Amino acid sequence: MFRSWLKLADRCDVCGLDYRFAAPDDGPAFFSLCLVALPLIFVVVWIQVAFDPPLWVHLVTSAPIMAAGCILPLAPIKGWLVASQFVNRGTEAGTEGLWSKLHGDAEAGTDRED
């Protein structure tokens, strides 16, 4: 599905699915921040209030955990969003006619079979 870390391939190597329909944009970053960063912030604040560690402890522990916790799930979340767009036939509102003209489809929205 990916040709590099977060760059989608043009087509699936196995089934030949064209990934031009997929536009997850900032979705992976949003979900990563909401699902991972916000809970981790509460843990970091709790550690600060409960134990009052020096700043270097947060630099050594909290910062790498926050960075890894937000960056590592980006690819799986992007894959999930692309799969959701495919399953739900997600497109931007009002762009079906434009996509059909750009990609030479006979009818808008009929480029995929069930």
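Which residues do ring pairs link into a cluster? They are Phe 30, Phe 31 and Trp 80.

## Ground rules

This is a predicted model, so local features need pLDDT of at least 70 and side-chain atom pairs count only at pLDDT 80 or more, while totals for chains, interfaces and linings use all residues. Residues are numbered from 1 along each chain as its sequence is written, and side-chain values use heavy atoms, with hydrogens and water left out.

## The overall fold

The protein chain has four helices and zero strands, running α-α-α-α from the N terminus on. Both kinds of element are DSSP runs numbered from the N terminus: helices are H or I with at least four residues, strands are E with at least two.

Of the 114 residues in the protein chain, 25% are buried. Buried means under 20% relative accessible area, exposed means over 50%, and partly exposed is in between (1.4 Å probe, protein chains only). Take the contacts (heavy atoms within 4.5 Å) between residues at least 6 apart in sequence: 64% of them join residues at least 24 apart.

## Aromatic pairs

A pair of aromatic rings is described by the distance of the centres and the angle of the planes. Here, rings of Phe, Tyr and Trp (its six-membered ring) pair if their centres lie within 6.5 Å; planes under 30 degrees apart are stacked, over 60 edge-to-face, and the rest tilted. That rule gives four aromatic pairs. One of them joins Phe 21 and Phe 86, with centres 5.7 Å apart and 45 degrees between the planes, which makes the pair tilted. Phe 21 sits in the segment before α1 (27-51) and Phe 86 in helix α3 (residues 74-87), so this pair ties together parts that are 65 residues apart in sequence. Phe 21 is buried at 15% relative accessibility, whereas Phe 86 is partly exposed at 31%.

Then there's Phe 31 with Trp 80: the ring centres are 5.3 Å apart and the planes meet at 75 degrees, so call that pair edge-to-face. It links distant parts of the chain, with Phe 31 in helix α1 and Trp 80 in helix α3, 49 residues apart. Phe 31 is partly exposed at 26% relative accessibility, and Trp 80 is partly exposed too, at 46%.

## On the surface

The protein chain exposes about 8,100 Å², and carbon and sulfur atoms supply 67% of that. These accessible areas come from the Shrake-Rupley method with a 1.4 Å probe; for residues, only the protein chains shown count as cover.

Leu 38, Ile 41, Phe 42, Val 45 and Val 49 make a nonpolar surface patch of about 510 Å². Patches are built from residues with over 30% relative accessible area and no salt bridge, joining like charges within 9 Å and nonpolar side chains (Val, Leu, Ile, Met, Phe, Trp, Tyr) within 5 Å. Leu 38 belongs to helix α1 and is partly exposed at 43% relative accessibility.

## Salt bridges and cysteines

The structure holds two salt bridges, each needing a side-chain nitrogen of Lys or Arg within 4 Å of a carboxyl oxygen of Asp or Glu. Arg 3 pairs with Asp 10, the closest N and O atoms being 3.4 Å apart; both residues are exposed. Asp 18 and Arg 20 form a salt bridge at 2.5 Å, N to O, and Arg 20 is partly exposed at 43% relative accessibility.

As for disulfides (cysteine sulfur atoms within 2.5 Å), the structure holds zero. The closest cysteine sulfur to that of Cys 12 is in Cys 15, at 3.6 Å, too far for a bond. Cys 12 is buried at 19% relative accessible area, and Cys 70 is buried at 15%.
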